[in-house]
Amino acid sequence: QYGIECLRRGRFSEAEAGLSEAVAEDANAAEAWFGLGLARARLGKMEGAAEAFAKATALDPTSADYHYNLGLAQQHGGHPEEACLCYERAVAIDPHQAQAWYNLAIGRSSRGQLAAAMAAFHRLLGLDIPDADRRFAQEKVYALSFLLLARGEWTPEAWRGYEVRWDFRPEFIRPDTPFPEWDGRMAPGQTLLFWPEQGFGDNIMMFRYAAWLAETRKAEVTVLASPLLRSLFQRGHEAVKVISEIDPATHYEAHRPMMGLLQALGVTPTSILSLP
């Protein structure tokens, strides 16, 4: 108790001495080993801290805090892979450990494990975290999705990360529609509205999928486009209705941004449609 009290008061050298004495008397005192690890970490003795935290986790493997702090000691001691394993154990015990998810995501990202990093960031975004941390996590997920897509890893996780753009980029504005977002499921005669986002090049590139849905899957497709693109889109694609303004009186079963069609259709590098 003396060692713990010194720890609370910031007297870390005294805390280390007291807690070292405590574990010498009772080597099975997990809390004392944990406190000793905290004291050593505060004194910059990361190797000793890791040894103490390892003792604590061995005695009580059900404590997320013990595993998390062992991860911190391993991380600051120059052992990133061991740190990530500790963070994984921590969140397996307590999935609400936001800081463990955060450190795990950063650790996996720094080691080039992009999909694993993005998955950890997604779990972090599901927790109650400060707005600044949320925006940082969203930006990282978006950036990681770009890296995965650029490497040809067009996985559901990568597309899911790309969709995060709507959550933190104010220049991406959705039209105010009462219709649900299209999830990629197709049915003959389905009425779908696809609307533009980003630049002309992106919309020209994606128009082929709108035309494919209208011409081969018999969906009733309407594309919202700039007046400058209407004649281009309508040329040779009579099955697609192209408009420049949404009529509030017109009902659609679902809508989707043009750059979201790749995710909805599960497109991969081997299933890209050829230019019409």
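**Exercise 1. The sheet**

How many bridges join strand E2 (residues 220-224) to E3?

*Solution.* The model is a predicted one: local features require pLDDT of at least 70, side-chain atom pairs count only at pLDDT 80 or more, and totals for chains, interfaces and linings use all residues. Residues are numbered from 1 along each chain as its sequence is written, and side-chain values use heavy atoms, with hydrogens and water left out.

Step 1. Strand E2 is joined to E3 by 3 bridges, and the two run parallel. Strands (E, at least two residues) and helices (H or I, at least four) are DSSP runs numbered from the N terminus; two strands pair if DSSP finds at least two bridges between them.

Step 2. Within this pairing, Leu224 stands opposite Ile243 in E3.

Step 3. E1 and E4 also pair in the parallel sense, over 4 bridges. Here Arg256 of E4 is the bridge partner of Phe194.

Step 4. The open sheet has 4 strands in the order E3-E2-E1-E4, with parallel pairing. Strands E3 (241-243) and E4 (254-257) stand at the edges with a single partner strand each, so one side of each is left without a neighbour in the sheet. From one strand to the next the twist averages 25°.

**Exercise 2. Helix H12**

*Solution.* Step 1. Helix H12 (residues 200-216) lies across strand E1 (191-195) and E2, and runs at about 155° to E2. Axes are lines fitted to C-alpha atoms, for helices over the stretch in contact, and angles run from 0 to 180 degrees between N-to-C directions.

Step 1. The axes of H12 and helix H13 (residues 227-234) come within 12 Å and cross at roughly 20°. The two helices are therefore roughly parallel; angles under 35 degrees count as roughly parallel, over 145 as roughly antiparallel, 65 to 115 as roughly perpendicular and the rest as oblique.

Step 2. H12 passes H13 in a right-handed crossing. A crossing is right-handed if the near helix is turned clockwise from the far one by less than a right angle, and left-handed if anticlockwise.

Step 3. Phe200, Asn203, Ile204 and Phe207 of H12 make the contact with Leu228, Leu229, Leu232 and Phe233 of H13. These residues divide into 7 nonpolar, 1 polar and no charged. Ala, Val, Leu, Ile, Met, Phe, Trp, Tyr, Cys and Pro count as nonpolar, Asp, Glu, Lys and Arg as charged, and the others, Gly among them, as polar.

**Exercise 3. Two further helix pairs**

*Solution.* Step 1. Helix H3 (residues 30-42) packs on helix H4 (residues 46-59) at an angle of about 160°, with axes 8 Å apart. H3 and H4 are therefore roughly antiparallel, and H3 passes H4 in a left-handed crossing.

Step 1. Residues in this contact include Trp33 and Phe34 of H3 and Ala52 and Phe53 of H4. By class, the contact has 12 nonpolar, 2 polar and 2 charged residues.

Step 2. Helix H7 (residues 98-110) and helix H8 (residues 114-125) pack at about 160°, their axes 8 Å apart, which makes H7 roughly antiparallel to H8. This crossing of H7 past H8 is left-handed.

Step 3. Among the contact residues are Trp101 and Tyr102 of H7 and Ala120 and Phe121 of H8. The contact of H7 with H8 comprises 12 nonpolar, 1 polar and 2 charged residues.

Conventions
Contact = heavy atoms within 4.5 Å.
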